[in-house]
Amino acid sequence: MNKPLRHLALVALVMFALLFGSTSYVQYFSAQSLRDNPLNSRTLQQELGRERGPILLADGRVIASSVPSEGSTYEYQRVYGGDGIDPAMYSAVTGFFSVVYGPSGLEQAENSMLAGTDDAMFYRNLTHYLTGQEPPGAAVQTTINPAVQEAAWNGMGGQRGAAVALDPRTGEVLAMVSTPGFDPNSLASHSHDTATQAYQELLGAESRPLYNRAIGGNLYPPGSTFKLVTAAAALESGQYTPETELDAPTTLELPLTTATIRNAGGAVCGSGGRATLQHSLMVSCNTSFAAMGMDLGDQALREQAEAFGFDESFTMPLQVTASSFPEELNAPQLAQSSIGQYEVRATPMQMAMVAAGIANDGVVMQPNLVSSVVDSTSLDVISDPSPREMSRAVSPETAQQLTEMMTTVVESGTGTAAQIPGVDVAGKTGSAQHAQGAAPHAWFTAFAPADNPQIAVAVVVESGGDAGSEASGGRVAGPIAKAMIEAMVNS
């Protein structure tokens, strides 16, 4: 009789242990993931029962806020834009906060601060907890300069693409536009049907407005803007100077294949099939850069690309998709990669980082979108990220040589559309082939003033935008970059 009782007691003990273990696991180990689950109605009820913190521009204007909600299950309604601010212009920055789909963009990256639940706010919220009040969320101030953002947005117009601006000295993101944008207000609706319909329409749109083209989505071949990386590798090797003469045939026959590389429009780059490195960059000579890339080798190009940030994903605090330089290239593939084609892929953020690194004496700073997080009640600063060096891409001497070469691109080369009276602009154009029969993507990257850089930009307009097959980087993307630079230097 004792033996069955002992077995029963053992079974009961094991069951209690399992029950205790599973309860402890849910309460302690799974608690955070359960709280963060967008389908958790209790979390939503709690988050929308308190005033979510605002998102601000660099000048203090509000681009996302919470207002009391009437006739809703939730106490507060998230609102975007207002006071003359177009919410779609900032959709790549704010993202959205949805009761159905959860947060995206900065709403997701800074969710715990905006919701007031971050551990850094615990002691600040004690008074609210003791009085039974829901503590408000913190205010997140961005680095976005509204004048530069507006110039980028207006310049892009209805064309698909993206534009990014950085302060090369600090890495602060001065502008980040992805077009077409979207109105986050429809997604923030408390009506499940309204939010679902809006999301499905955006998700199914052929123009893919939910893609943040500036930092992710479908990455782009950078085309001739990548020649800055190839030129940097050449100068860093010690074998080349801006005056080094390169082979620059009208048509470059590639080894191992019958394929060839030609210059845009079949143009002649130099004299007698020769051109200096500086002249080749100024007129964007494909054949000389492809030949030079094969001489440098894929390892030198890959290492240089990685020094500028390629093949590395990072947060700012939004997640930026890693740009990529392909592995194990044969000679023809290397030639194509040297001019930003084949399988080279980049975000506009990455190409802005290339320009910014050159502008900053060869040092690439970590891009950063948030200048500070502030307690909404006391206005005390909770966090204010300091500028952080990401990498040294090139030596100061190489950076100066590249700057002088890029200045000639705008003064008398392919980038004259970006000229600004009284301001020396250093730039590089790009036209990137991406699909059979499709017009090329139009690129432009630049920084200014060349002798004291305040802003570095990168612009891409998909498939030539309104210009279609007649597009070039200088003609289509150059004026947008120019407007962004003017907005900064005139502010």
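Student: What should I know before I start?

Tutor: This is a predicted model, where local features need pLDDT of at least 70 and side-chain atom pairs count only at pLDDT 80 or more, while totals for chains, interfaces and linings use all residues. Residues are numbered from 1 along each chain as its sequence is written, and side-chain values use heavy atoms, with hydrogens and water left out.

Student: Which cysteines form a disulfide?

Tutor: A disulfide is a pair of cysteine sulfur atoms within 2.5 Å. Searching the whole structure gives one disulfide. Cys269 and Cys285 form it, with sulfur atoms 2.1 Å apart. The pair links distant parts of the chain, 16 residues apart: Cys269 lies in the loop between strand S11 (260-262) and strand S12 (274-276), and Cys285 in the loop between helix H12 (277-283) and helix H13 (286-296). Helices (H or I, at least four residues) and strands (E, at least two) are DSSP runs, numbered from the N terminus.

Student: Why is the disulfide called right-handed?

Tutor: The torsion about the S-S bond of Cys269 and Cys285 is about 105°, so the disulfide is right-handed.

Student: Are Cys269 and Cys285 buried or exposed?

Tutor: Both Cys269 and Cys285 are buried. Buried means under 20% relative accessible area, exposed over 50%, and partly exposed in between (1.4 Å probe, protein chains only).

Student: Is strand S19 largely enclosed or exposed?

Tutor: Six of the seven residues of strand S19 (residues 426-432) are buried, so S19 is largely enclosed by the rest of the structure. S19 pairs with strand S20 (residues 441-448) in the antiparallel sense over seven bridges; two strands pair if DSSP finds at least two bridges between them. Ser431 has Ala442 in S20 as its bridge partner.

Student: In what order do the six strands of the open sheet come?

Tutor: In a regular strand the side chains alternate between the two faces of the sheet. Here the order is S3-S2-S1-S6-S16-S17, with mixed pairing. Strand S3 (76-80) and strand S17 (381-383) are the edge strands, each pairing on one side only. Inside the sheet order, strand S1 (residues 55-56) and strand S6 (residues 139-142) run parallel, joined by two bridges. Ile55 stands opposite Val140 in S6.
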